[in-house]
Amino acid sequence: MRAQFVLSEIGVGLRRNLTMTFAVVVSVALSLALFGGALLMREQVSTMKDYWYDKVNVSIFLCNKNDAKDAPECAKGAVTKEQKDQIKIDLEKMEAVETVHFETADEAYKHYQEQFGDSPMAGNITPDQMQESYRVKLDDPQKYKVVATAFAGRDGVQSVQDQRSILDQLFELMNGMNLVAIYVMILMLVIALILIVNTVRVSAFSRRRETGIMRLVGASGFYIQAPFIMEAAVAGLIGGVLACGMLLGGRYFLIDGGLALQDKLLVINFIGWDAVLTKLPLVLAIGLLMPAVAALFALRKYLKV
């Protein structure tokens, strides 16, 4: 097969169907950008889970004199020193517990002022209204129920809270956004495949005379099909390159420059450039192979060779 002939045919085909080729490139680029974005979003959620689940604590809030009036769990009154000591002893005996820290009401008030000092409600809160608590770090955050079962409902304990439940709401939101991106990606892929098939069909129809002559002179089926397949592959590859550019530009704009979320949201451990770069070869491979395979199947129907 003469490479020069194939390349010239590819150029002719792309120029003849310039509008449809442009539509294929754009749809492939958008769908692959969404595909890469979905992969990166999943990795970001996984990174955040590993980072934050290792830092979250189980909080055992103790009854104070104010809780005795409002909380049914504290009907027997504020926690006593003996009850606090016993809770600490029982916590330290548990294999699932890594560390135990006791937070006094004054410390709780100080932390509250640091976090919510600008709130209008902050001026109405006094140290005696804050609860003492045990901040428990587990060797495995999944073992929260072990602590909850052991201490929930005990005399002097107002409630047992797992900070992970707060993070789970954030992760569920991010996973929901990821699913939306996947659904849009699938829709864009379907549109891209339809455009590829139509582009190949139009190209084959417009060159039916040339392909007929090639059959008469004994050209093989693959020799006739190759230019059409490579046209689709080239268009897809261009779309893949654009998608890679979108992913690189999106990561830079959102995290490093532009919005600079990395400097504004210090509590989030963002994925690095290595996570983006490792996805680019997959995006390029899909951009090259998907249109080529779609064109191959389309040619079986629209190009009888």
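Reader: What share of the 305 residues in the protein is buried?

Author: Buried residues come to 39% of the 305. Keep in mind that this is a predicted model. Its mean pLDDT is 78, and 76% of the residues score at least 70.

Reader: Which elements mark the two ends of the confidence range?

Author: By mean pLDDT, helix α1 (residues 3–16) is the lowest at 61, and helix α11 (residues 273–277) is the highest at 89. In total there are 12 helices and four strands.

Reader: Why does Gln131 count as buried?

Author: Gln131 has a relative accessibility of 18%, and the cut-off for buried is under 20%. The value falls under the cut-off, so Gln131 counts as buried. Cys244 passes the same test: with a relative accessible area of 8%, Cys244 is buried too.

Reader: Where does Gln131 sit, and what makes its link to Gln158 a polar contact?

Author: Gln131 is in the loop between α5 (105–116) and β3. The side chains of Gln131 and Gln158 are joined at 3.4 Å, and a polar contact needs N or O atoms within 3.5 Å, so the pair qualifies. Gln131 also has its C-alpha atom 5.4 Å from that of Ala105, although the two are 26 residues apart along the chain.

Reader: What makes Cys63 and Cys74 a disulfide?

Author: Their sulfur atoms are 1.9 Å apart. The limit is 2.5 Å, so the pair is a disulfide. The structure holds one disulfide. Cys63 lies in the loop between β1 and α3 (67–70) and Cys74 in the loop between α3 and α4, so the link ties together parts 11 residues apart in sequence. Both Cys63 and Cys74 are buried.

Reader: Which handedness does the link of Cys63 and Cys74 have?

Author: Left-handed, with -80 degrees about the S-S bond.

Reader: How do you know that β1 pairs with β3 and with β4?

Author: Pairing takes at least two bridges. Four bridges join β1 to β3 and five join β1 to β4, so both pairs pass. Each pair is antiparallel. As examples, Ser59 has Arg135 of β3 as its bridge partner, and Ile60 stands opposite Val160 in β4.

Reader: What makes β1 a mostly covered strand?

Author: Five of its five residues are buried. Val58, Ile60 and Leu62 point one way, Ser59 and Phe61 point the other way, and all of them are buried.

Reader: Now for α6. Which of its residues are buried, and why do they line one face of the helix?

Author: In α6 (residues 144–151), the buried ones are Tyr144, Val147, Ala148 and Phe151. Looking down the axis of α6, these buried residues fall within an arc of 100 degrees, so they line one face. The background is helix geometry: with 3.6 residues a turn in an α-helix, residues three or four places apart point the same way. On the other side of α6, Lys145 and Thr149 are exposed.

Reader: What covers the buried residues of α6, and what comes just after the helix?

Author: The cover includes β1 (58–62), α4 (81–93), β3 (133–138) and β4 (157–162). Just after α6 comes Gly153, with a positive phi of about 85 degrees.

Reader: What share of the contacts with a separation of 6 or more comes from residues 24 or more positions apart?

Author: They account for 82% of those contacts in the protein.

How values were computed. Residues are numbered from 1 along each chain as its sequence is written. This is a predicted model: local features need pLDDT of at least 70, side-chain atom pairs count only at pLDDT 80 or more; totals for chains, interfaces and linings use all residues. Side-chain values use heavy atoms; hydrogens and water are left out. Buried means under 20% relative accessible area, exposed over 50%, partly exposed in between (1.4 Å probe, protein chains only). The arc is that of the directions from the helix axis to the C-beta atoms. Contact means heavy atoms within 4.5 Å. pLDDT is the predictor's confidence in each residue, from 0 to 100. A polar contact is a pair of N or O atoms within 3.5 Å; within protein, one must be able to donate a hydrogen and the other to accept it, and residues adjacent in sequence count only if both atoms are side-chain atoms.
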